[in-house]
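Subject: Structure for your review

Dear colleague,

Please find below the structure that I am handing over to you.

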Amino acid sequence: MYSQEFNENVIDHFMSPRNAGTIPDADAIGSSGDPKCGDSLTLYLKIKNDRIEDIRFLVFGCVAAIATSSMTTILVKGKTLEEADQLTDEDITNALGGLPEHKLHCSVLGADALKNAIDNYYFLQTEKGAIE
């Protein structure tokens, strides 16, 4: 059923999502959701020396939402916060080899949740007095 709508890479990330789960002592958390379709994503970041040392996710959604969440984590794990902040929904879609037109909105979840997590990290660092 899914194989007619999605390519093999999308199905692989749906069937075996990478970096799924939480980080109990996360340095930052970011979420995004699409009220129209009900998809929601939460990303957990562990940051060391301004670099994403670990990233995990919890997602509620369809095949594309799960696959794009998984790919988001792969694309930014090990990157600096500055590099990760440049990730776009198009980057995620392209890394998966494409999505059906009516599922492109799922890639926005990853990019938005990541930006929210990075903003959350900077906010928390400012609150701690680590950043001025």
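The side chains of D12 and R18 form a salt bridge, with 2.5 Å from N to O; the term stands for a side-chain nitrogen of Lys or Arg within 4 Å of a carboxyl oxygen of Asp or Glu. This is a predicted model, in which local features need pLDDT of at least 70 and side-chain atom pairs count only at pLDDT 80 or more, while totals for chains, interfaces and linings use all residues. Residues are numbered from 1 along each chain as its sequence is written, and side-chain values use heavy atoms, with hydrogens and water left out.

D12 is partly exposed at 33% relative accessibility, and R18 is partly exposed at 28%. Buried means under 20% relative accessible area, exposed over 50%, and partly exposed in between (1.4 Å probe, protein chains only).

A second salt bridge joins K46 and D25 at 3.2 Å, N to O. This pair links distant parts of the chain, 21 residues apart: K46 lies in strand β2 (residues 39-48), and D25 in the loop between α2 (8-15) and β1 (28-34). Helices (H or I, at least four residues) and strands (E, at least two) are DSSP runs, numbered from the N terminus. D25, D27 and K46 are linked in a network of salt bridges.

D54 and K77 also meet in a salt bridge, at 3.5 Å from N to O. D54 is buried, with a relative accessible area of 18%, whereas K77 is partly exposed at 36%.

In the whole structure, the search finds five salt bridges.

Yours sincerely
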